[in-house]
Amino acid sequence: MRALEPLAWVGPAIVLIAVVVIWPVIEMVRSSFLEISRFGVVRGWAGFANYDELFAEKDFADIMVRSVIWVVAVVVLTVVISLALAQLFNQRFPLRKVARWALIAPWAASVLMTAIIFKWMLDPEVGVINQIRLKLGLIDAMGGAAADQLGNASTAMPWLVFVAVFVSVPFTTYALLAGLATIPGDVYEAARMDGAGRFRTYWSITLPLLRPALTVAALINIMNVFNSFPIIWAMTHGQPGYSTATSTIFMYILKGSDIGESAAMSVINFGMVIVLTVIFLRVSRWNKEVA
């Protein structure tokens with residue numbers, strides 16, 4: 001009986017994982033092989049027909065490539081900006097606590113609310129950003145007063161990336177700040193005694209010792225950004241056409257016409273997250289000790 005005692009502690013966690021994670025994944029995979037009407041009625045076994053229809057979609061390849069670009073662009077920009085901000089907020093300066101609290105605001109606010117606000121700001125007629133462009137005399141250079149920044153893929157995607165970075169930076173910065181707090185001060189003292197400059201110290205000491213926190217922050221961002229829905233949906237609905245849609249948005253759109261094909265897209269999404277995560281962990285060499 002004593003051998004079963006640990007189950008009293010880990011049992012609830014195992015049940016929770018099975019119900020919240022494993023069972024939905026099994027149902028997702030099973031649904032991808034079923035023929036399901038738009039109203040949720042199961043009509044029978046479909047085999048690989050849903051996957052065949054999905055791969056035959058003329059926009060599928062573009063959407064998958066765009067999804068990868070979306071993740072890489074947002075995560076890289078978020079990490080680079082957060083590294084700079086973490087280093088800044090790790091220094092002592094007047095009103096540092098106020099600045100740190102202000103940084104939390106974009107993270108504390110609803111992502112959907114933030115996306116809606118930016119959509120309003122980018123409105124071609126009444127948006128505050130258009131008004132600023134007018135005051136600066138940039139209207140003609142940016143397409144005229146009627147130019148819709150979210151109505152064109154070439155301008156919409158950069159704005160979507162900007163908003164995604166805007167809401168991702170606070171968490172990443174605080175994760176890196178926590179990592180910086182674990183680096184002992186005597187390491188920097190030894191570096192100064194050896195004559196190392198600021199850049200050399202940061203590159204050879206700070207970044208290597210910050211790698212565990214950086215790995216966790218980047219990994220969470222990869223998963224969150226790949227599965228991100230509110231920003232793109234609230235600002236563009238993946239339009240015009242599918243020019244701003246990622247695989248998550250495309251999956252949601254498919255749900256309205258073919259649940260089975262949407263489930264197949266969900267399985268592809270799940271696989272893509274695993275692939276991107278494995279690639280990142282291989283590149284970051286997360287399990288290698290710092291020399």
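1. Ile22 is partly exposed, with a relative accessible area of 45%, where partly exposed is the class between buried (under 20% relative accessible area) and exposed (over 50%), judged with a 1.4 Å probe and protein chains only. Ile22 sits in helix H1, which covers residues 7-31; helices here are DSSP runs of H or I with at least four residues, strands are runs of E with at least two, and both are numbered from the N terminus. The model is a predicted one, in which local features need pLDDT of at least 70 and side-chain atom pairs count only at pLDDT 80 or more, while totals for chains, interfaces and linings use all residues. Residues are numbered from 1 along each chain as its sequence is written, and side-chain values use heavy atoms, with hydrogens and water left out.

2. Ile22 also belongs to a nonpolar surface patch of about 730 Å², made together with Val15, Leu16, Ile17, Val19, Val20, Val21 and Ile26. Such a patch takes residues with over 30% relative accessible area and no salt bridge, and joins nonpolar side chains (Val, Leu, Ile, Met, Phe, Trp, Tyr) within 5 Å, or like charges within 9 Å; a salt bridge is a side-chain nitrogen of Lys or Arg within 4 Å of a carboxyl oxygen of Asp or Glu.

3. As for the overall build, the protein has 12 helices and two strands, which follow the pattern α-β-β-α-α-α-α-α-α-α-α-α-α-α when read along the sequence. The C-alpha trace spans about 75 × 75 × 30 Å along its principal axes.

4. Of the 291 residues in the protein, 38% are buried, and the accessible surface comes to about 17,300 Å², of which 69% belongs to carbon and sulfur atoms; these areas come from the Shrake-Rupley method with a 1.4 Å probe, and for residues only the protein chains shown count as cover.

5. Thr114, found in helix H5 (residues 111-121), counts as buried at 6% relative accessibility. Leaving aside neighbours within four places in sequence, Thr114 is in contact (heavy atoms within 4.5 Å) with Ala109, Val163, Phe166 and Val167. For the protein, among contacts between residues at least 6 apart in sequence, 67% join residues at least 24 apart.

6. Leu136 lies in the loop between helix H6 (128-135) and helix H7 (153-181), and counts as exposed at 59% relative accessibility. The C-alpha atoms of Leu136 and Glu35, which are 101 residues apart along the chain, are separated by 56 Å.
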